[in-house]
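This briefing is for a reader meeting the structure for the first time. It covers a helix packed on strands, the sheet, and the salt bridges.

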Amino acid sequence: MSIAERTVQTSWAGALATGAGTLGHGSSGALDGLPVTWAARTETPGGKTSPEELAAAAHSSCFAMALSLKLGENQTPPQHLDVTATVTLAEVGGLPTITTSELTVRAQVADLSAADFVAVVDAAAALCPVSRLFAGAKISIDAQLA
């Protein structure tokens, strides 16, 4: 039984080093409009929120960056990515536990087949540090080209 779910969307445009993104549509609204860039990854954003929403923000922005990097390495940089993460806090053995992170990816990428896109998404999933942090949780990815 789920205790809580928090959702955050990251929109990313461009390659990893030169691209940028913004957080939006967060469950609390505390993160809405905050920018996301590779350089800002080591800075702490302002506002108050829950650990689950912050985990969702971390996962969606991390995955967007990993996918942007892998698409660039594939010589098919994204025109636009929308990555949404939904993190679930559930009771497990009487303890509140983050059990899942569900990623939804919608991508605009020129000259990339659906099969090649799946391969790049899989490579990004293996690269994303937050996905690896959540390795004990169930992570699902629904990724589609626009």
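In this predicted model, helix H2, residues 114–127, lies across strands E5 (95–108) and E6. The helix runs at about 145° to E6. Strands E5 and E6 belong to an open sheet of six strands.

**Sheet**

- The strand order is E3-E2-E1-E4-E5-E6, and the pairing is mixed.
- Strand E3 (35–36) and strand E6 (138–145) are the edge strands, each pairing on one side only.
- Strand E1, residues 2–13, and strand E4, residues 80–92, run antiparallel and are joined by 10 bridges.
- Glu5 stands opposite Thr88 in E4.

**Salt bridges**

- Side chains of opposite charge can pair when their charged atoms come close.
- The count of salt bridges comes to two.

**Lys70 and Glu73**

- Lys70 forms a salt bridge with Glu73, and their closest N and O atoms are 3.1 Å apart.
- Both residues are in helix H1 (residues 51–73), and because they are three residues apart, about one helical turn separates them.
- Lys70 is partly exposed, at 24% relative accessible area.
- Glu73 is also partly exposed, with a relative accessibility of 48%.

**Arg106 and Asp142**

- The side chains of Arg106 and Asp142 form a salt bridge, at 3.1 Å from N to O.
- Arg106 is in strand E5 and Asp142 in strand E6, so the pair ties together parts that are 36 residues apart in sequence.
- Arg106 has 30% relative accessibility and counts as partly exposed.
- Asp142, at 35% relative accessibility, counts as partly exposed.

Methods: Residues numbered from 1 in each chain as written. Predicted model: local features only at pLDDT ≥ 70, side-chain atom pairs only at ≥ 80, totals over all residues. Heavy atoms only, no water. Pairing = 2+ DSSP bridges. Helix = DSSP H or I, 4+ residues; strand = E, 2+ residues; numbered from the N terminus. Contact = heavy atoms within 4.5 Å. Axes fitted to C-alpha atoms, helices over the stretch in contact; angles between N-to-C directions. Salt bridge = Lys/Arg side-chain N within 4 Å of Asp/Glu carboxyl O. Buried < 20%, exposed > 50% of the residue type's maximum accessible area, 1.4 Å probe, protein only.
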